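Please consult the sequence and structure shown here alongside the text.

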Amino acid sequence: MSQVRCTIADGVCEIRLDRPEKLNAITPGMWIELNEALDRAEADDQVRVILFSAAGKSFCVGADLNAFSADNMGDEVPSGLDNPGGRLTARLPQIDKLVMAAVQGHVIGFGVSLVLQCDVVLAAPTARFALPFVQRGFVPEGGSSLSLVQRVGYLRAAQMMLAGEAIDASTAKDWALVTHIVDEAALREQAIETARRIAGSPPGALRRTRELLRRPSNEIAEQMRRESDAFTAQLRSDESREAIAAFLEKRKPDFSRFR
């Protein structure tokens, strides 16, 4: 059963996360589906805007940590940008369509990384943004260690990434992570309406203006490669295994034996 819905209409490709019972935690299969949805959007010349949305109370709580547990992971740790998750995040800065997101509830980890690669972000008042990579024994991914600093400044980025502090929708708008705050009941409808309006723009002007705004893309790509190498090394570490196990077992992690 698909957990990513992809629909195209009126120049807009909506890619909708559809695993609400797990707050849209991303599984390995969903990474593949997301890439396939992007393939479809990129191949369609009529698509001008890609809109990410999500079913349920939360946009995305990041990767499903069960997939990264010691029992499930074994010695097979994805490396580089060749895995589906790495390919997805590396594609977004280079894509020649405008990218939007409509978010609500928890926006965590990959959810924030995705928002940082969007050109327009609509958020419900319930949205809360967090990047608890360190607390989960990981490091940032998706270019977020560069994009977040560029967007909000070093001290605010450190507050979110090093201290793992969450921010609400109002703060996210003040920090320029969010374009508009929209009533949750109207969030998806207004996002689709906005996407359709933008999709009616001259396509060449829209594409070239996004390219100009997104430069220098090579810097983001290089940072994604650095993040991926660091992420792989950290994912193979014992402290990462302890952090994941503690989270899944709902206990306090013990990092006292690590240096």
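At what angle do the axes of helix H5 and helix H6 cross?

## Basis of the model

The model is predicted, with local features requiring pLDDT of at least 70, side-chain atom pairs counting only at pLDDT 80 or more, and totals for chains, interfaces and linings using all residues. Residues are numbered from 1 along each chain as its sequence is written, and side-chain values use heavy atoms, with hydrogens and water left out.

## Packing of H5 and H6

The axes of H5 (residues 144-152) and H6 (residues 154-161) cross at roughly 130° and come within 7 Å. Axes are lines fitted to C-alpha atoms, for helices over the stretch in contact, with angles from 0 to 180 degrees between N-to-C directions. Helices (H or I, at least four residues) and strands (E, at least two) are DSSP runs numbered from the N terminus.

H5 passes H6 in a right-handed crossing, that is, with the near helix turned clockwise from the far one by less than a right angle. Ser-144, Ser-145, Leu-148, Val-149 and Val-152 of H5 make the contact with Tyr-154, Arg-156, Ala-157, Met-160 and Met-161 of H6, where contact means heavy atoms within 4.5 Å. These residues comprise seven nonpolar, two polar and one charged. In this scheme Ala, Val, Leu, Ile, Met, Phe, Trp, Tyr, Cys and Pro are nonpolar, Asp, Glu, Lys and Arg charged, and the others, Gly among them, polar.

## Cysteines

The whole structure contains zero disulfides, a disulfide being a pair of cysteine sulfur atoms within 2.5 Å. The closest cysteine sulfur to that of Cys-6 is in Cys-13, at 3.5 Å, too far for a bond. For Cys-118 the closest is in Cys-60, at 12 Å, also too far for a bond.

Cys-60 lies in the loop between strand E3 (49-54) and helix H2 (70-73). Its relative accessible area is 0%, so Cys-60 is buried (under 20%; exposed is over 50%, partly exposed in between; 1.4 Å probe, protein chains only). Beyond neighbours within four places in sequence, the contacts of Cys-60 include Leu-17, Ile-26, His-106 and Phe-110. Cys-118 is likewise buried, at 4% relative accessibility.

## Positive phi angles

Asp-10, not a glycine, has a positive phi of about 55°. This residue is in the loop between strand E1 (4-9) and strand E2 (12-17) and is exposed, at 53% relative accessible area.

Ala-176 has a positive phi near 70°. Located in the loop between helix H7 (169-174) and strand E9 (180-181), Ala-176 is partly exposed, at 40%.
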